[in-house]
Amino acid sequence: MLNGRLASRWAIGTLVVATLVLSTLSWTAQRALAGPPVCGGITCDIEIVDPGGGGVPSDPAPDPETGLTPGPTECASSDGTKVPCSTDDGSWSNASQCYWKLNDTQGNPPTGEAEGSGAWYSCCNIPSAHHLDLRCTSVWRDTPPPGVSLTPAQAAARIIQTMTFEGIQIGMAPEVNPEWGHRCTYVGVPVWLWAANPSERNWGPYVVTASLGGQSITVNANVTSVLWNMGDGGTVACTSGTPYNAGYGFADSPSCGYRFQKMSKNQPGNRWTVTATSQWAVDWTGGGQSGSIPMTATSTDNLEVRELQTVNVSPNG
């Protein structure tokens, strides 16, 4: 049986053997008998109550807003003995049966784990009759153990996850043709590209200061460049680009431009899909530390690329 009861079924060859087995039960086990043996024929069922301490309290549930698990207020070892919930060795976890503390020195994360996604912690067991010294094990965890605050990097990563990074508003010449309802250009004609109407969330600076898990963090994010994938296999990397106006005529953009070398007639809708991928530098500071987490955001638009036709006219008509 589970939950502190041990059920043993004794299949005995003869009633004499059953009697011998019952007479050799230890004094502790006899004292823990839940009731007299139930014997039918040559088979006896003996139910024994587990004499262990039991009743170890559980750890609190994580805080849904911060993601942190508070330290328990009632702490006990596996045999039921009460232990201090907090010492110089860390914060006690009833579930782990050890004191948890953030390691003073943080090495590289395990293979496959990203920087800032977790941290190294020490799990220190209480001394026992077999081990008089504290026995500590270094463990990598994505979330802090009970009673342990977030690291600055963990807090920054969670705050950054709540921020909204938008792709740029695409500026492109040619503009949308009112007659056709979409952009249209020609092979070899300059196309101008730029980030139109920059804002906090599509260009920056995007600054957020917040407190989370015992850490106060400031995040400062900016777009550093835009990679334009023109749809025909060509790409161009730019900063913000230069907005076009009619006075430029058919000149090339001085900062971000492109010339298509083939038509889009075989593409869906007869148009190339242009994708602008913003490269964000997301820098954070807090808790005496700092770091940077790269982010990207994308925007798309499309345009038709046709071919200019030339007509030869005889000078004689």
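Reply: Helices and strands are DSSP runs, helices (H or I) of at least four residues and strands (E) of at least two, and they are numbered from the N terminus. With that numbering, Pro205 is placed in the loop between strand 12 and strand 13. Please keep in mind throughout that this is a predicted model.

Me: Which residues does a cis peptide bond join, Gly204 and Pro205 among them, and what is omega there?

Reply: Most residues other than glycine have a negative phi, and most peptide bonds are trans. Here Gly204 and Pro205 are joined by a cis peptide bond with omega of about 0°. Another cis peptide bond joins Ala173 and Pro174, with omega of about 25°, and Pro174 sits in the loop between strand 9 and strand 10 (176-177).

Me: What is the strand order of the open sheet of 3 strands?

Reply: Strands of a sheet pair through backbone hydrogen bonds, either parallel or antiparallel. In this sheet the order is 9-12-16, and the pairing is antiparallel. Strand 9 (169-173) and strand 16 (257-259) are at the edges with a single partner strand each, so one side of each is left without a neighbour in the sheet. Neighbouring strands here are turned against each other by 30° on average, direction ignored. Strand 12 (residues 190-196) is joined to strand 16 by 3 bridges, the two running antiparallel, and Pro190 stands opposite Arg259 of strand 16.

Me: How many residues lie between strand 14 and strand 15 in their hairpin?

Reply: There are 5 residues between strand 14 and strand 15 in that hairpin, and Gly231 in the turn has a positive phi of about 95°. The two strands, of which strand 14 covers residues 215-229, run antiparallel and are joined by 4 bridges, with Val226 standing opposite Cys238 in strand 15. Strand 15 (residues 235-238) also has two faces, a covered one with Val236 and Cys238 and an uncovered one with Thr235 and Ala237.

Me: How many disulfides does a search of the whole structure find, and what handedness does the link of Cys75 and Cys85 have?

Reply: For a disulfide, the pair of cysteine sulfur atoms has to lie within 2.5 Å, and the search of the whole structure finds 4 of them. One of these joins Cys75 to Cys85, with 2.0 Å from S to S, and its 115° about the S-S bond makes the link right-handed. Both Cys75 and Cys85 lie in the loop between strand 3 (43-49) and strand 4 (86-87), so the pair ties together parts that are 10 residues apart in sequence.

Another disulfide, between Cys98 and Cys123, is left-handed, with -115° about the S-S bond. This pair links distant parts of the chain, Cys98 in strand 6 (residues 98-102) and Cys123 in strand 7 (residues 119-125), 25 residues apart.

Cys238 and Cys256 also form a disulfide, with their sulfur atoms 2.0 Å apart; the torsion about that S-S bond is about 75°, so the disulfide is right-handed. Cys238 in strand 15 and Cys256 in the loop between strand 15 and strand 16 are 18 residues apart, and the pair links distant parts of the chain.

Me: Which residues touch the most other members of the largest nonpolar core?

Reply: In soluble globular proteins, nonpolar side chains tend to be buried together. The largest nonpolar core has 38 residues, and Leu193 and Trp228 touch the most other members. Elements that each supply at least two residues of this core include helix 3, strand 9, strand 12 and strand 14. A second, separate core of 6 residues has Cys98, Trp100, Cys123 and Val148 among its members.

Notes: Residues are numbered from 1 along each chain as its sequence is written. This is a predicted model: local features need pLDDT of at least 70, side-chain atom pairs count only at pLDDT 80 or more; totals for chains, interfaces and linings use all residues. Side-chain values use heavy atoms; hydrogens and water are left out. Two strands pair if DSSP finds at least two bridges between them. Axes are lines fitted to C-alpha atoms, for helices over the stretch in contact, and angles run from 0 to 180 degrees between N-to-C directions. Buried means under 20% relative accessible area, exposed over 50%, partly exposed in between (1.4 Å probe, protein chains only). A nonpolar core is a set of buried Ala, Val, Leu, Ile, Met, Phe, Trp, Tyr and Cys residues joined through side-chain atoms within 4.5 Å.
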